Amino acid sequence: MRAPKVYKTEAIVLKCINLGEADKLLTLYTPKRGKFSAIAKGVRRPRSKMGGHLELLTHSSLMLARGKNLDIITQSQTISSFLPLRGDLWRSSLAIYAAELVDQFTAEHVENYPLYKLLLNTLGWLCETQDVELILRYFELKLLTHLGYKPELHRCLGCSSSLEPTTNFFSPGGGGVLCPRCRENEPLTQPISLNALKVMRFLQDSDYTRASRVRLSAALSRELESLMRHYIRYLLEREVKSVEFLDRLRGEVIA
Amino acid sequence: MNIDFVPTAQPVSRLIEEFHKLPGIGPKTAQRLTYFLIRMPQEEARALAEAILAVKDKIILCSICQNITDSDPCIICCGEGRDRTKICVVEEPLDILPLERTREYKGLYHVLHGVISPMDGIGPDDLKIKELLSRLQGGEVEEVILATNPNLEGEATAMYLQRLITPLGIKMTRLARGLPFGADLEYADEVTLIRALQGRQEV
């Protein structure tokens, strides 16, 4: 049987590129079809019926028509536009970072429902929570779990013995933690404090309600951020572009 | 793209290749344009070539507003009867045209030449933000109108500018966001409607 010509799906808009006179090429993340690109015709005209429903980081219900190459969006209705994100520069930048991670880590047309749900929930949490950075660390750890890169935080990668309550070493290449002895043969490691290790374990094993109760000191927050960044950069083998803007914003707030 | 294998005269394939670099021009269109040019009268072809060269040679960025111009400062910046206390900040030079067409706005402009887009690695340093800030130092400017596009990146840019300019004590305004003329409520998205409700006006 041939696939029907039109289909419906929910989607989160990960990326928008202008195309032609008034069209946009959107990168969508969907529950059952994973990530794919689709064309939205005429959405840059002010009177477009779909334009506002297809903004970056909007959760929408869509109808698409199968095209020869790319599918074409024919109808759209916003489910949530995450309004609080749009009025807050810091939160919207973090949301862009989250979307970029999903975009970079996923391949086209690979379904990953837990990851879709995670991104959707994270956008919602970013609208309401106080400690946005904690949410981001939670997001990163869960994202890695759903993608098969869950870091090993309980046993040493080298000797499989339980980790001692001391400063251990995170190895991006091994995807986990090494004890001080095994670390000697591994050049590319980063020290991980006991507190950081405990928080990472807790975030990895908890659901959002429990995880959101954690309170981080500024120093611990920086350490976790740096650990996750190194690991993510190692896995992607490139920089996450929105990180630079995040650093800059933070620098200017402090200055 | 390599289209060397086409057995055509070298000048022809060279022109095809040049056309192919233009946005929206595929290999077939490039060929069609080239063969059209070959049949064109000599003087018309020369006029086209000269027009292209003139654009590259004579067009510069206005040292004040960063708009594209052939004279520095540009016509708007040295125009008589312009309100020099207002600066309207836009993303691209093209955005000035519809604003000028309204004949409603008499102030000056500032072109950012882009918008903050963290995902594409475009940050504040890639835009003409420093130039805008130095224009605000003179004390002549009383109002900055943020006219970046009302999408996520345009809003982010506006919020970023707001943070930089607020400490200078200059009045800042943002273009109203609401329902466009001729729109249909049925198709309006929630962000637009919320903004339209918030900005409703007594009649």
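Domain 1 and domain 2 of chain A bury about 1700 Å² between them, with carbon and sulfur atoms giving 60% of that. Keep in mind that this is a predicted model.

**Domain 1 against domain 2 in chain A**

- As for where the domains lie, the assignment puts domain 1 of chain A at 6-81 and domain 2 at 84-254.
- Taken over C-alpha atoms, the centres of these two domains of chain A sit 29 Å apart.
- Domain 1 of chain A brings 21 residues to the contact, and domain 2 of chain A brings 19.

- Two salt bridges are counted between domain 1 and domain 2 of chain A.
- A:Lys15 pairs with A:Asp103 in a salt bridge, with the closest N and O atoms 3.3 Å apart.
- Across this domain interface of chain A there are also 10 residue pairs in polar contact, with both residues at pLDDT 80 or more.

**What domain 1 puts on its side**

- Strand 1 (6-19), strand 2 (23-30) and strand 3 (34-40) of chain A are the elements that each give two or more residues to the side of domain 1 that touches domain 2.
- Strand 1 of chain A gives the most to that side, with five residues.
- Sorted by class, the domain 1 side of chain A holds eight nonpolar, seven polar and six charged residues.

**Chain B against chain A**

- Here 26 residues of chain B are in contact with 30 residues of chain A.
- B:Pro118, B:Met119 and B:Leu152 supply 31% of the area that chain B buries against chain A, more than any other three residues.
- The count of salt bridges between chain B and chain A is one.
- B:Asp125 and A:Arg248 form a salt bridge, and their closest N and O atoms are 2.7 Å apart.
- Seven residue pairs are in polar contact between chain B and chain A, both residues at pLDDT 80 or more.

**What chain B puts on its side**

- Helix 6 (152-165) and helix 7 (190-198) of chain B each supply at least two residues of the side that touches chain A.
- Helix 6 of chain B gives the most to that side, with eight residues.
- By class, the side of chain B that touches chain A has 16 nonpolar, three polar and seven charged residues.

Definitions and conventions
Residues numbered from 1 in each chain as written. Chains lettered and ligands numbered in written order. Predicted model: local features only at pLDDT ≥ 70, side-chain atom pairs only at ≥ 80, totals over all residues. Heavy atoms only, no water. Contact = heavy atoms within 4.5 Å. Buried area = accessible area lost by both parts, 1.4 Å probe. Salt bridge = Lys/Arg side-chain N within 4 Å of Asp/Glu carboxyl O. Polar contact = N/O pair within 3.5 Å; in protein donor to acceptor, adjacent residues only side chain to side chain. Helix = DSSP H or I, 4+ residues; strand = E, 2+ residues; numbered from the N terminus. Nonpolar A, V, L, I, M, F, W, Y, C, P; charged D, E, K, R; others polar. Domains from an automatic or database assignment.
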